[in-house]
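Here are my notes on the model, point by point. Have the viewer open while you go through them.

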Amino acid sequence: MRFPDKLKHAETWKHIFFRFFTYLLLFSMAFVFLYPFLFLLTDSVKSLADLTDITVKWIPTRGLRWVNYKYAWQELKGPVTLPNSIYMTGMATFIHVISCSFIGYGFARFHFKGSNLLFGILVLAMVIPLQVMMIPMFILYSNVFGWTNSMKPILIPAIFGYGLKGGLYIFIFRQFFVALPKELEEAAYIDGCGFIQTHFRIILPISKSSILVVSILSMVFHWNDYTEPNMYLTNPKIRIFPQGLPGLYRMAVQMVDDLGYVIDKSLYNQATASAGAVLSLLPILIVYLFAQRSFVEGIQHTGAKQ
Amino acid sequence: MKSVSFKRRQAIQGLILVSPWIIGTILFFLYPAYETFALSVSELDSIKGLQKHYLGFNYYRNILFESIAYVPMYQRVFKEMLIRTPLVVIFSLFIAILLNLDIKGRGALRSLFVLPFLLGSGFIMQQIMNQGLQDEMGDTAMGTDTTSISRGTILIPREVLWYLGPKVANLVMQFLSRITEVLWKCPVPIILFLGGLQSISGSLYESAKVDGATQWEMFWKITLPMIGDIILVAIIYTLIDMFTESTNSVMANIHSMAFKSTRFEYAAALACIYIVIILVLIGVIFGIAALISKSNNK
């Protein structure tokens, strides 16, 4: 009778130790990530006097200056650029999920002559840095297609599985689809389902985790990108939110070391720039917080608890 | 006879699914890529419309055999990539497995671990780390490398380091900055692995448990084989991410050569050599992956 009891006792201690160790490890690693973010947060509410005072590191002593956020919002032209950003990110993400899953399914399931060659080209397209092809692409989009002053150069390539890191999403979908059991599709075929129908009715509904991964990646990459937007979205009416950030930082730096002249730094300084960075981070953080819940739900659906 | 028609039907179906991408490849990839290559073997007459005339492989010869700066630069960047990629992949798989455990506060932790990724492609990060504005425009001096950017400072207060003495402090700093650098690269692989881990059906683990398998055995016999495909994605992503990030010295050079010195042709040649090397590397990785999956199927 005593033996199982003792065993149970040992198991509990092992369990507690294991948990403790896991938390310790996770939190210590998370701190590395959290540190700069906390720095950003405290910087964003500092007043000018606190910024220049080296004894003030974490806690602003001269009150919290929330007005920094107001200036940053104004300088980033929030009322115009934020809806633009949301529109562009939402559209691009939606298009990417549809088109890349479609193409990825083709790569994963159907083998034909030259499919390996095509896959090689896919990898090649992922590898070539955007900066390298920037000039020919700009000429193609603006002179040949005439897509000036619109979001077309960002959205239309996404339909064809290109756009910002499009190849990566095709690759991700392909890898997820390859691992799916074939029996489901075969059953669908026998029941007379076409292959496109099979993709949308059978494959997509059971690959929630890959859709989630791709939409998070595409969303965040689009939201934070300003290489392409800086090239194509030059009209102030279609500018996106984070595009103004480098300018905000540049302004802060210029006013700090400008030939000894002290320009009025009360409006734009490091604190305003940090406030702008926090503002551009907030929407994506909120969306991610909601999205990662589906990760958890996914577990409950499959019952994959360890 | 029947199998042939089945194969043909499969081929047609595959082509239909892939066809949008093929159109895209021709329009948005092959054409600009061709233009870039053509630029690297010609001399530009006018930037408007990219008018140029053929010159030959002069720039390539210059980069590979005449200039003393570029070959060591390539070597350095690739050495860094080879050291860091395995570390990043192993670390993120480890973190993803921990984050996939049934623990309290999992949601918050998951958000914490992708925070650097949400913060953006490095611009805001650079600002926070006081990297200054030079890096943004890409005119990093040739000698400096991404590795020399010591982010280890964020972990240990300077005062503690003073007590350790210069030698130990240096070692500690190097170790920490390496770890921190690796951790910074982890968020996207973590997201990939989380997705992969979630797509493993729980019944596999349950039946293994019934058969008396330990956690360790389950990791090697279930988890690892099931996410093998995702590990490949993570490796390729990490490589490409380091390869194309604008702070690495080759990319910085290409950028400043093109947009500061306006020698577009030279920049294109630099990029072409760079791309060929990474393609060989990726080819080797795919080869190894194919070998592994072959031996698994046997």
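1. Let's start with a helix pair in chain A. The axes of α4(A) (residues 78-109) and α11(A) (residues 208-224) come within 9 Å and cross at roughly 145°. Axes here are lines fitted to C-alpha atoms, for helices over the stretch in contact, and angles run from 0 to 180 degrees between N-to-C directions. On the α4(A) side the contact uses Ser85(A), Met88(A), Thr89(A), Ala92(A), Thr93(A), His96(A), Val97(A), Cys100(A) and Ser101(A). From α11(A) come Ile211(A), Val214(A), Ser215(A), Ser218(A), Met219(A), His222(A) and Trp223(A). Contact means C-beta atoms, placed from the backbone, within 7 Å. By class, this contact has eight nonpolar, eight polar and no charged residues. For the classes, Ala, Val, Leu, Ile, Met, Phe, Trp, Tyr, Cys and Pro count as nonpolar, Asp, Glu, Lys and Arg as charged, and the others, Gly among them, as polar.

2. A word on what you are looking at. This is a predicted model: local features need pLDDT of at least 70, side-chain atom pairs count only at pLDDT 80 or more, and totals for chains, interfaces and linings use all residues. Residues are numbered from 1 along each chain as its sequence is written, and chains are lettered from A and ligands numbered from 1 in the order in which they are written.

3. Back to α4(A), which also meets α8(A) (residues 166-178): their axes come within 7 Å and cross at roughly 50°. That angle makes α4(A) oblique to α8(A); under 35 degrees would be roughly parallel, over 145 roughly antiparallel and 65 to 115 roughly perpendicular, with the rest oblique. This crossing is right-handed. Among the contact residues are His96(A), Cys100(A) and Ser101(A) of α4(A), and Tyr169(A), Phe173(A) and Arg174(A) of α8(A). The class count for α4(A) with α8(A) is 10 nonpolar, four polar and two charged.

4. How many helices and strands does chain A have? There are 14 helices and zero strands, taken as DSSP runs (helices H or I, at least four residues; strands E, at least two) numbered from the N terminus. Buried residues make up 41% of its 306 residues. The cut-offs go by other C-beta atoms within 10 Å of a residue's own, placed from the backbone: 20 or more is buried, 12 or fewer is exposed, and in between is partly exposed. Of the chain A contacts with a separation of 6 or more, 76% join residues 24 or more positions apart.

5. Chain B has 15 helices and two strands, and 34% of its 298 residues are buried. Among its contacts between residues at least 6 apart in sequence, 69% join residues at least 24 apart.

6. The interface is worth a look. In it, 88 residues of chain A are in contact with 82 residues of chain B. The chain A side divides into 66 nonpolar, 16 polar and six charged residues. Met29(A), in α1(A) (residues 2-44), touches Ile95(B) and Leu183(B), leaving aside residues up to four places away in sequence. Met29(A) counts as buried because 21 other C-beta atoms lie within 10 Å.

7. Most residues other than glycine have a negative phi. Lys77(A), however, has phi near 55°, and Lys165(A) has a positive phi of about 55°. Lys77(A) sits in the loop between α3 (67-75) and α4 of chain A, and Lys165(A) in the loop between α7 (152-159) and α8 of chain A. Are they buried or exposed? Lys77(A) is partly exposed, because it has 16 C-beta neighbours inside 10 Å, while Lys165(A) has 23 and so counts as buried.

8. Finally, a helix length check. The 17 residues of α13(B) (residues 228-244) should span 24 Å at 1.5 Å a residue, and the end C-alpha atoms are 24 Å apart, which agrees. The expected span is 1.5 Å times one less than the number of residues. In α13(B), 15 of the 17 residues are buried.

Note on methods: Two residues are in contact if their C-beta atoms, placed from the backbone, lie within 7 Å. A crossing is left-handed if the near helix is turned anticlockwise from the far one by less than a right angle, and right-handed if clockwise.
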